[in-house]
Amino acid sequence: MGNPTYTPFQETLHNGGFIVSLANGHQSIDQGTLTGGVKVLAGTVLGTVTSALTAAAAALGANTGNGTFGAITTQAAPATAIGSYSILFTAATAFTVTAPDGQTATGSTGVAFSALGIGFTIAAGGTAFVAGDTFTVTATAAPGNPGITSAAGGSNTGNGTLGSLTAAGYAAKAGVYAVEFDDATHFIVSDPTGAEVGHGTTGVAFKAGGLSFTITAGGTAFVPGDSFAVTVAAGSGKYKPFDPANVDGSQVPSGILFATKDVTTVDKPCAVVVRQCEVNASELVWPTGMSAAAIATATAQLKALGIQPR
């Protein structure tokens, strides 16, 4: 008589099954609304739609000038964080960047780095970098756009250089920006709080205060007092499956879905584990095809929230 044959049992993901421990009471879990248009499994890492997604311009009153307001781009998360970014080499060509808020990302020499609200390229020199070599990038608060500088560590072995340094800028604010002309070609932009964020010129791309746009002069020139209102719609604050490729704020992890929800056709209320907890790392659900390095970066971001994958 042969050995019996058994059908393998594949256990499904249970609601809350990824949890190792929670804080007392309901401290670890928040209630929210889940979106995304798909079925989302328990244990899925979520992000929050927080960025200003849309902006529209309209003339205030009857302008004399008939120039046109071009497409408006709002700065989405991650915006530039004010403070010091640390860049630590882990090998001759590999480094880790840590933002002022503790979020991390990885990069390589000779490859443009763009994440965490900053951009730069580190070029290798005649003497190779070694583990422990460092750079510091400092973003300082300034009207319109942050100031940004860099410095190499004083005891670096490698003599490569950091160049092409850029700041993504501040995140756009929800509300109404004012754009007012003070002559035929020059205008001033103020944010929803009334703070001046920058001066611009027709025909020249403007970028400050979380907005980017170009105003094109028309056949009739603008006159002092001509103005536009730019209305920026806020993000929904809803949760959706985290993906580092998203650009609406949900590219930053903000919690873990407690129970499976199908939001294919309609958004639904949900419970999200957001702080003071331990979770089973092997039961977390990440985007399909996400690399080990990207998962490591996102895991560090969860830890910064007080969510400890084990």
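This is a predicted model: local features need pLDDT of at least 70, side-chain atom pairs count only at pLDDT 80 or more; totals for chains, interfaces and linings use all residues.
Local features require pLDDT of at least 70 and side-chain atom pairs pLDDT 80 or more, while totals for chains, interfaces and linings use all residues. Residues are numbered from 1 along each chain as its sequence is written, and side-chain values use heavy atoms, with hydrogens and water left out.

**The nonpolar cores**

Select Val-179 and Phe-213, which touch the most other members of the largest nonpolar core, a group of 18 residues. Such a core is a set of buried Ala, Val, Leu, Ile, Met, Phe, Trp, Tyr and Cys residues joined through side-chain atoms within 4.5 Å; buried means under 20% relative accessible area, exposed over 50%, and partly exposed in between (1.4 Å probe, protein chains only). Elements giving two or more residues to this core include β16 (175–181) and β22 (227–233); strands are DSSP runs of E with at least two residues, numbered from the N terminus. Apart from this core lies another, of 17 residues, among them Ile-87 and Leu-116.

**Asp-226**

Next, select Asp-226, in the loop between β21 (215–216) and β22. Asp-226 is buried but has no salt bridge, a term for a side-chain nitrogen of Lys or Arg within 4 Å of a carboxyl oxygen of Asp or Glu. Lys-173, the nearest side chain of opposite charge, is 26 Å away; here Lys and Arg count as positive and Asp and Glu as negative, with His and the chain ends not counted. Neighbours within four places in sequence aside, the contacts of Asp-226 (heavy atoms within 4.5 Å) include Asn-63, Val-179 and Phe-181.

**The three-stranded sheet**

Now display the open sheet of 3 strands, ordered β1-β27-β28 with mixed pairing; two strands pair if DSSP finds at least two bridges between them. β1 (19–22) and β28 (307–309) are at the edges with a single partner strand each, so one side of each lacks a neighbour in the sheet. β1 pairs with β27 (residues 277–279) in the antiparallel sense over 3 bridges, and Leu-22 has Cys-277 as its bridge partner in β27.

**The salt bridges**

The count of salt bridges comes to 4. Select Arg-275 and Asp-30, whose closest N and O atoms are 2.8 Å apart; this pair links parts of the chain 245 residues apart. Then select Asp-191 and Lys-173, at 2.9 Å between the closest N and O atoms. Asp-191 is buried, at 6% relative accessibility, whereas Lys-173 is partly exposed at 39%. Finish at Glu-278 and Arg-310, which meet at 3.0 Å, N to O.

How values were computed
Helices (H or I, at least four residues) and strands (E, at least two) are DSSP runs, numbered from the N terminus.
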